[in-house]
Amino acid sequence: MSFPDKKTVLDFIRDNPNATTKQDIARGLHVKGRERAVLREILKELEADGTLERTGKRAWSQADRPPSTGVVQFTHTDENGDLIGKALGDNGPFGPDIIYSGLSGKQKGEATEPGEGDRALCKITQVDGDWQARALTVLEKQLTNSLVGMYSQGPRGGKVTPANRKERREFLIQEADRHGAEDGDLVVTTPKPQGRRQYGPNLGVIREVIGHISDPRSASLLAIHAHGIPVDFPEAALEQARNPKPAAAEREDLTKTPLITIDPHDARDHDDAVFAEQLDDGWRVIVAIADVAAFVTPDSPLDREALKRGNSTYFPDRVVPMLPFELSADECSLREGELRRCMAVEMIFDKSGSKRSHRFIRGMMKSAAKLSYEEAQAAIDGKPGGKAGDMLETVLKPLWGAYAALSKARDDRSPLDLDLPERRIVFSEDGEIEGIITKERLDAHRLIEEFMIQANVAAAETLEKQKSPLIYRVHDTPTDAKIAAFAEFLQTIDMKWNIGQRPQTENFNRLLGEIRDGDYDQMVTQMVLRTQAQAIYSEENLGHFGLNLIRYAHFTSPIRRYADLIVHRALIASLGLGPDGLSKDMSVRLEEMAQHISDTERRSMAAEREATDRYLAIFLADRVGSEFEGRITGVTGAGLFIALAGSGADGFVPISSISDDYWVHDDTAMQIYARGSGKTYGLGQIVRVKLKEVTPLQGGLLLEMLSDPMPAPEGRQEARERHDTGRGRPPRRKTGPGKPTGKRPGKGKFNKKTLPKHKRKSRK
């Protein structure tokens, strides 16, 4: 019999419940060389026949028993009042019932308790025959039963209209369940238990009043509550932040090095500082980052709360921070002229911008200056003033010199060149919207971005060399299916893409360069963006396609991203820089943590997008009837999505309102066309529209199309006629007056339509 065999593997897993990964099993059984391939096949077979349950990408547990540490999905409360759950694997809950027995010993009174529907990372043990779980961290609070919306008082009671466009429910509120809510209040509502009653309206109970629709802050408040973003810190975490006790560590003196911070003019925290000097044969660059790990120690109240949040969330009018402001804006902020602890990386580049070496430093620094992007750029452009003028020759010019060298290497690397415009909502002191501006993209922004990228790469390289566990920032290669769809789209505009070749950023860049400022510029740019995968955190290195890098980790923003804090701890542990490094217990949880912080990032992005949509709707509420120029950014069988020029606000034109023509959705070409004439509206097309209706609660804009469609494209009309007459492959979807669309065109209000996620940004 070959080694290893199924029985040997199963016996080992039964006797060593903490050894859950393939690496643990291989090490425990002393499996080497070709035997690893045999082990991999055995694990696959055991998973396929249901003997093992996969609990992670490279982790397994016996299907009839939970892992010693794992994610538990709590499903219900039993007749004794105990909260019951099951271990959560890749295929869903598995194994025996698990009884929740409280928070882990260190967390009592300091953390949120899980409830029905919640998921929590738990320590799982067997006590007197029963499986019991103690929660380490609540990863996901169940929000599906609650509804966030606006309360309206009527003659026969009240109702709550949902703030989410995708939400179909409305709750009627009886007087006894109103709990003080007034007309126009924003509320959190839950369904009212209705016994065996099966018919009639949905009844709800108001649980919390979070504000009023007239409050300028309402847009962010709605998004915060709808997505369950934690706002208030536990008292134990606040106490730790108010009385910081940094871990003792040997530090290198960087106080004489003129490191400076370059940030937005209104930044409250400064977590990175930069320095450069010219060498005989290249450049020396230092990137210094706030040493958050010294203050946020593993498994402390601050650490547990930071992990739960995963990241800071940035709304147009406020920030919900990952760490209390006592740390993020004070003790961990690299303030000008104040002594601060830092983690730094010193990098040596040759004249062509290629990195020759780097080393990590745990140091003490004192920021020589706090500059805004605009101040630094103005000084370089020949308009120096104030501190920027004083530092022009000694600090700023060397920084720009090093950046010029790094830009050569960056151009050779050819990262994906999608320079998408960003807009910022400007508020008055009393919270009213004053306007929307497009952020200017300066070389100062690109300089800081490139220095941060190089520091992030250095962190990943060092940790790999040290064979340390780490969480990568990965951006996977576009899938074959997405590339095939992209190639098919390009054919509709007489452009070609070689499907047989491996996707490369330089090929996308070459295509974008060819169409830049042409008729298809925005159309192709949007399609390139849709073709990309979403960037996530992962224990497995998949590379970063967008940046065209083999390995990449987040190191430069530990104040606002938990992933960076993990990387800092891994560097501290692997390089012997102090006692507060990555613990063994945390190392084995990296896969679950990577999934969790990827989820919290997506949660924040969704909440930020919703709040922005609402603020833009509020800004345009008094412009109903006005005409705007816009660009088509989404094409569906239900209608067209239009981004309005200037504000960038998204509106919707229902297909049934365009004309009396029979409109057909061509999914491949991202167009709708009129049967017979073949005239089209398509992705990227500039059109004129009228604002018909605004729903600030949902952030919706209903538009009327004023522009005529484009003429039928040459060479495509004949194929479309074959489709329309049944002589070819039928179109994927047909819509028009009186035709079924899967929705109800012309019925209901616009704010009940579902908006697809047609604008997706990948955070680097």
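**Close-up views: salt bridges, aromatic pairs and a charged patch**

A search of the whole structure finds 46 salt bridges. The model is predicted.

**View 1. Lysine 192 and aspartate 177 meet in a salt bridge.** The N to O distance between the side chains is 3.0 Å. The pair links distant parts of the chain, 15 residues apart. Lysine 192 sits in the loop between strand E11 (185-191) and strand E12 (203-212). Aspartate 177 sits in the loop between strand E10 (171-173) and E11. Lysine 192 is partly exposed, at 26% relative accessibility. Aspartate 177 is buried, at 9%.

View 2. Lysine 397 has a relative accessible area of 41% and is partly exposed. Glutamate 393 reaches 51%, so it counts as exposed, the cut-off being over 50%.

**View 3. Aspartate 585 and arginine 589 are joined by a salt bridge.** The N to O distance is 3.3 Å. Aspartate 585 is partly exposed, with a relative accessible area of 32%. Arginine 589 is buried, at 7%. Elsewhere, salt bridges with shared partners join Glu252, Glu277, Arg284, Glu346 and Arg359 into one network.

**View 4. Phenylalanine 74 and tyrosine 100 form one of nine aromatic pairs in the structure.** Their ring centres lie 5.5 Å apart. The planes meet at 75°, so the pair is edge-to-face. Phenylalanine 74 belongs to strand E3 (residues 69-77) and tyrosine 100 to strand E5 (residues 92-103), so the contact ties together parts 26 residues apart in sequence. Both residues are buried.

**View 5. Phenylalanine 641 and phenylalanine 652 form a tilted aromatic pair.** The centre to centre distance is 4.8 Å, with 50° between the planes. Phenylalanine 641 lies in strand E27 (residues 639-644) and phenylalanine 652 in strand E28 (residues 650-654), so the pair ties together parts 11 residues apart in sequence. Phenylalanine 641 is buried, at 3% relative accessible area. Phenylalanine 652 is also buried, at 3%.

**View 6. Phe486, Trp497, Phe508 and Phe545 form one aromatic cluster.**

**View 7. Glu429, Asp430, Glu432 and Glu434 gather in a surface patch of negative charge.** Glutamate 434 is placed in strand E23 (residues 433-438). Its relative accessible area is 56%, so glutamate 434 is exposed.

How values were computed: Residues numbered from 1 in each chain as written. Predicted model: local features only at pLDDT ≥ 70, side-chain atom pairs only at ≥ 80, totals over all residues. Heavy atoms only, no water. Patch = residues over 30% accessible without salt bridge, like charges linked within 9 Å, V, L, I, M, F, W, Y side chains within 5 Å. Areas by Shrake-Rupley, 256 points an atom, 1.4 Å probe, with all protein chains shown as cover. Salt bridge = Lys/Arg side-chain N within 4 Å of Asp/Glu carboxyl O. Lys, Arg positive; Asp, Glu negative; His and termini not counted. Charge placed at Lys NZ, Arg CZ, Asp CG, Glu CD. Helix = DSSP H or I, 4+ residues; strand = E, 2+ residues; numbered from the N terminus. Buried < 20%, exposed > 50% of the residue type's maximum accessible area, 1.4 Å probe, protein only. Phe/Tyr/Trp six-rings, centres within 6.5 Å; stacked < 30°, edge-to-face > 60°.
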